[in-house]
Amino acid sequence: MKDFAAQILKNLETNGFPSKKVSLPTEKMYEVADKKGHSLNTVLDYMRDEMNVESAIETEKIVFSPLAKETEVNDFGFDGVTPDMMAKAQEMMAKMDPNQLKEMKDKVMNMSDDERAKMMSEAKKMGMM
């Protein structure tokens with residue numbers, strides 16, 4: 001089973017994983033797992049638990065993404081930020097000029113923990129995170 005999981009991971013990496021989500025056809029994945037004598041669900045559980053690869057089984061495809069960490073502290077001191085959230089924030093910050101970025105970072109660093117939590121909550125409600 002480990003070899004099959006490694007083979008799937010290699011295929012995912014060839015297609016841009018982990019920097020982007022990658023999907024593979026659901027039916028084909030079940031067929032290949034069955035031919036190799038494996039339960040695809042067991043393989044996917046193994047990948048989640050041992051390889052930090054999350055999978056979402058849909059009708060036509062299985063979408064693979066890096067397993068989100070429960071808590072991650074970043075440069076701004078936020079707790080509980082997932083890698084997806086950080087990627088979106090970094091994408092937005094890349095579009096800012098250096099002065100805007102410094103001003104924003106200074107402002108956030110001077111916030112209280114409650115103010116930061118409120119800002120994160122508002123960003124999530126707006127779909128920014």
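## How helix α1 sits on the sheet

Helix α1 lies across β1, β2 and β3, and its direction runs at about 125 degrees to that of β1. This is a predicted model, in which local features need pLDDT of at least 70 and side-chain atom pairs count only at pLDDT 80 or more, while totals for chains, interfaces and linings use all residues. Residues are numbered from 1 along each chain as its sequence is written, and side-chain values use heavy atoms, with hydrogens and water left out.

Q: What makes residues 2-14 helix α1?
A: Helices here are DSSP runs of H or I with at least four residues, strands are runs of E with at least two, and both are numbered from the N terminus. Helix α1 has 13 residues.

Q: What span is expected for α1, and what does the helix reach?
A: The expected span is 1.5 Å times one less than the number of residues. For α1 that is 18 Å, and the helix reaches 18 Å from its first C-alpha to its last, close to the expected value.

Q: Which residues of α1 are called buried?
A: Buried means under 20% relative accessible area, exposed over 50%, and partly exposed in between, with a 1.4 Å probe and protein chains only. F4, A5, I8, L9 and L12 are buried in α1.

Q: Why do we say that the buried residues line one face of α1?
A: Seen down the axis of α1, they fall within an arc of 140 degrees, so they line one face. The arc is taken from the directions from the helix axis to the C-beta atoms. On the face turned away from the buried side you find the exposed residues K2, D3, K10 and T14.

Q: What covers the buried residues of α1?
A: Contact means heavy atoms within 4.5 Å. The cover includes β1 (22-25), α2 (26-35), α3 (40-51), β2 (53-57) and β3 (61-66).

Q: What makes β2 and β3 a pair?
A: Two strands pair if DSSP finds at least two bridges between them. Five bridges join β2 to β3, which run antiparallel, so the pair meets that rule. Within this pairing, E54 stands opposite S65 in β3.

Q: Why are β1 and β2 said to stand at the edges?
A: The three strands form an open sheet in the order β1-β3-β2, with antiparallel pairing. Each of β1 and β2 has a single partner strand, so one side of each is left without a neighbour in the sheet.

Note on methods:
Axes fitted to C-alpha atoms, helices over the stretch in contact; angles between N-to-C directions.
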